[in-house]
Amino acid sequence: MKKKIVIDLPLNTDRCRSKAMQIAVTSAGVISVNIDKEKGHLVVIGVGVDFFKLMKCIIKDFNCARIVVLKDRVAVKIIEEALESGALAEGGVVTEGSAGSTAISLATVAPAYGCRCHVVIPDDAAMEKHKEGSSARRRALEASELLSTCRKENQINASDSSQINGHSISEEKQNMNFSSKCKGGFFADQFENLANFRSHYEGTGPEIWEQTGGKLDAFIAAAGTCGTVAGVSQFLKDKNSNIKCFLIDPPGSGLYNKITRGVMYTREETEGRRLKNPFDTITEGIGINRLTENFKMAKFDGAFRGTDIEAVEMSRYLLKNDGLFIGSSSAMNCVEAVRVAKALGSGHTIVTILCDSGMRHLSKFHNAEYLSEHELTPSATGLEFLGLS
């Protein structure tokens, strides 16, 4: 019986399309392969095709060909290491708590490895990352507990909460929908999982080195999990200790103070002022008030503090002058890139990363009404908001 699969990957260039088709047509059982150029979809039809294996091959090859988004390589590394160590089995559930791109990448990549993915998104996108992680970790443990119960009893009605560990569970748990065929749960733990760091030390860092011919003077980036900035900074420093690595931190985050003063403390944490959410920023996916295992691997020469209005203004400047529609994290990175350029002077090569698209920031960062409510309406005509004419 013929089956059809539509693979949604960034096939917006001839090179991408050629690469994907080359992999697909050589797969066993494939009858036809077509490209939907408008949507960037690869449409594969075949008989007895192992579509999971096909997806896995394409995603891995795209990762090597440098044509997937930054967080996809993190997702691939986390899942592959978990499978290799036995922490995750095919058919298991990968869980993660995030309002950012890593969880989306995990949800995209997990099926290619025969796994399911459960992403926990907070009702407030700016909710403290620790709370997100706790929820995702709990879901992974619940899936593993269910697996254990299944093995002991050989059968269980997953919809009957009274049969799980012999007691009733909350309404949230009743809606888990974990099948009795579940092969256990695995918490990706992107903040503490050093597979995050390794994906950039082994991938992103070498790519930057290769593409610049080793001739760069500085690398800069903001940090959320700190995996990107840690992996890249350590790789570059290992190659050339003279390369400067800087961090930019949004309002409310403690990383700037940790790097410049040695303490994780911000004015938002003053006694009597501590709030449920200490982050007074519209940026998402960057900033944190605790030290992650990934952060501990980073090598910094300094840090800058960025503001929301600078990020907003930079995003509009790049859209108008370079046709780049970026998100808040990318905009903050570019703010720092300009500052470092001013500090180092002309004739230097500075590298940063455009890690998020504006398409994931339409309701806030690119919403004129929302920005107006927070007195963040952009008005600059150039880069005067950074002291440049």
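In this predicted model, helix 3, which spans residues 70-85, packs against helix 7, which spans residues 195-211, with an angle of about 130 degrees between them and their axes 8 Å apart. As for the sense of the crossing, helix 3 passes helix 7 in a right-handed way. On the side of helix 3, the contact is made by Leu70, Arg73, Val74, Lys77, Ile78 and Glu81, while helix 7 contributes Ala195, Asn196, Arg198, Ser199, His200, Glu202, Gly203, Thr204 and Glu207. Sorted by class, the residues of this contact are four nonpolar, five polar and six charged.

One residue of that contact can be followed further. Asn196 lies in helix 7, and its relative accessibility is 0%, so it counts as buried. Leaving aside residues up to four places away in sequence, Asn196 touches Val74, Gln190, Thr225, Gly227, Thr228 and Asn294.

Of its 389 residues, 51% count as buried. Among the contacts in the chain with a separation of 6 or more, 74% are accounted for by residues 24 or more positions apart.

Helix 10 and helix 11 pack at an angle of about 90 degrees, and their axes are 8 Å apart, which makes helix 10 roughly perpendicular to helix 11. The residues that make this contact are Glu310, Ala311, Met314, Ser315 and Leu318 from helix 10, together with Ser328, Ala331, Met332, Cys334, Val335, Val338 and Arg339 from helix 11. By class, the contact of helix 10 with helix 11 divides into eight nonpolar, two polar and two charged residues.

Helix 11 itself, covering residues 328-344, has 17 residues and reaches 25 Å from its first C-alpha to its last, which is close to the 24 Å expected at 1.5 Å a residue. Of those 17 residues, 13 are buried, so helix 11 is largely enclosed by the rest of the structure. Just after the helix comes Gly345, which takes a positive phi of about 90 degrees.

Within helix 11 lies Arg339, and when residues up to four places away in sequence are not counted, Arg339 touches Ile248, Phe304, Arg305, Gly306, Glu310 and Leu386. Glu310 in this list is also one of the residues that helix 10 brings to its contact with helix 11. Leu386, by contrast, stands 47 residues from Arg339 along the chain, and yet the C-alpha atoms of the two are separated by 7.6 Å.

Methods
Residues numbered from 1 in each chain as written. Predicted model: local features only at pLDDT ≥ 70, side-chain atom pairs only at ≥ 80, totals over all residues. Heavy atoms only, no water. Axes fitted to C-alpha atoms, helices over the stretch in contact; angles between N-to-C directions. Helix = DSSP H or I, 4+ residues; strand = E, 2+ residues; numbered from the N terminus. Left-handed = near helix turned anticlockwise from the far one by under 90°. Contact = heavy atoms within 4.5 Å. Nonpolar A, V, L, I, M, F, W, Y, C, P; charged D, E, K, R; others polar. Expected span 1.5 Å × (residues − 1). Buried < 20%, exposed > 50% of the residue type's maximum accessible area, 1.4 Å probe, protein only. Parallel < 35°, antiparallel > 145°, perpendicular 65-115°, else oblique.
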